[in-house]
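User: I'm new to reading protein models. Can you take me through this one?

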Amino acid sequence: MRTMELGKRYGRRWALRDCTLTLPDGAFAALVGPNGAGKTTLLSILAGLLRPTTGRAETPDVAFVAQDKPLYRDWTVGELMRLGAAMNPRWSPSRATSMLGALSLEQKAGQLSGGQRTRVALALAVGRQAELILLDEPLADLDPLARLEILEVIGDLPATVVLSSHVLAELTEICDHLILLAEGTVRLSGSFADLLATHDAASPAELVIGQLRKAAS
Ligand SMILES: Nc1ncnc2c1ncn2[C@@H]1O[C@H](COP(=O)(O)OP(=O)(O)OP(=O)(O)O)[C@@H](O)[C@H]1O
């Protein structure tokens, strides 16, 4: 995945500016930044849902799980999975099922809890076997064990993953790359291994906190 001088302006204000990034295939990148930094804007452009004002993005086949997870309320989980299969020639039932946990296929989407809806949205994204998976704060409503379980499954996928989150632990334990945005610009990007070798930080968490403090000052 590559972006070149990507920018998005709303009126006179830039939500994202001069964003040039490269992520190697198979990277699992943490997308971090303060509220309003431009994370959702970047993910929406990468997903093809938002047209950039400047620059361009080169992305492979993309699956996007947005903050709100729209699902057909009257459809059962099983029907949604069958829809996923019918719409995607590369559909993997086993990958999709790995996200569903103990969820019943008979349950209607409109009657699911927030965390259960998240599982279904992730199943639809993962079942497609997209090469790039974009996750915009997807895990907020999952219980701690479900979070861990799902992050491990996502980490093992043969895909490039970009995960936006404010929960440091889930980012720094699982992700191998970092994209740090502040005020619409990329402040830091690269593999955690390279960044730790070139910055004064003992751990990924310390690196991220230090950089967020710097961005806020
Ligand atoms: N449709 C829009 N019209 C005008 N401004 C917008 C629009 N969408 C986003 N913005 C502005 O763009 C900036 C970046 O927003 P974005 O949603 O990308 O931030 P974020 O990093 O995802 O924030 P958060 O962590 O709070 O979800 C913000 O200042 C926001 O107010």
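Predicted model: local features only at pLDDT ≥ 70, side-chain atom pairs only at ≥ 80, totals over all residues.

User: Which residues are around the ligand?

Analyst: A residue counts as near a molecule if its C-beta atom, placed from the backbone, lies within 6 Å of it. Going by that, the residues around the ligand are Tyr10, Ala15, Gly33, Asn35, Gly36, Ala37, Gly38, Lys39, Thr40 and Thr41.

User: Which helix gives the largest share of the shell around the ligand?

Analyst: Helices here are DSSP runs (H or I, at least four residues), numbered from the N terminus. The largest share is three residues, and they come from helix H1 (residues 39–46).

User: How are H3 and H4 oriented, roughly parallel or roughly antiparallel?

Analyst: Helix H3 (residues 93–100) and helix H4 (residues 114–127) pack at about 160°, with axes 8 Å apart. Those axes are lines fitted to C-alpha atoms over the stretch in contact, and angles run from 0 to 180 degrees between N-to-C directions. Angles over 145 degrees count as roughly antiparallel, and those under 35 as roughly parallel. So H3 is, relative to H4, roughly antiparallel.

User: Which residues in H4 are met by H3?

Analyst: Contact means C-beta atoms, placed from the backbone, within 7 Å. From H3 come Arg95, Ala96, Met99 and Leu100. In H4 they meet Arg119, Leu122, Ala123, Val126 and Gly127.

Methods
Residues numbered from 1 in each chain as written. Helix = DSSP H or I, 4+ residues; strand = E, 2+ residues; numbered from the N terminus. Parallel < 35°, antiparallel > 145°, perpendicular 65-115°, else oblique. Contact = placed C-beta atoms within 7 Å.
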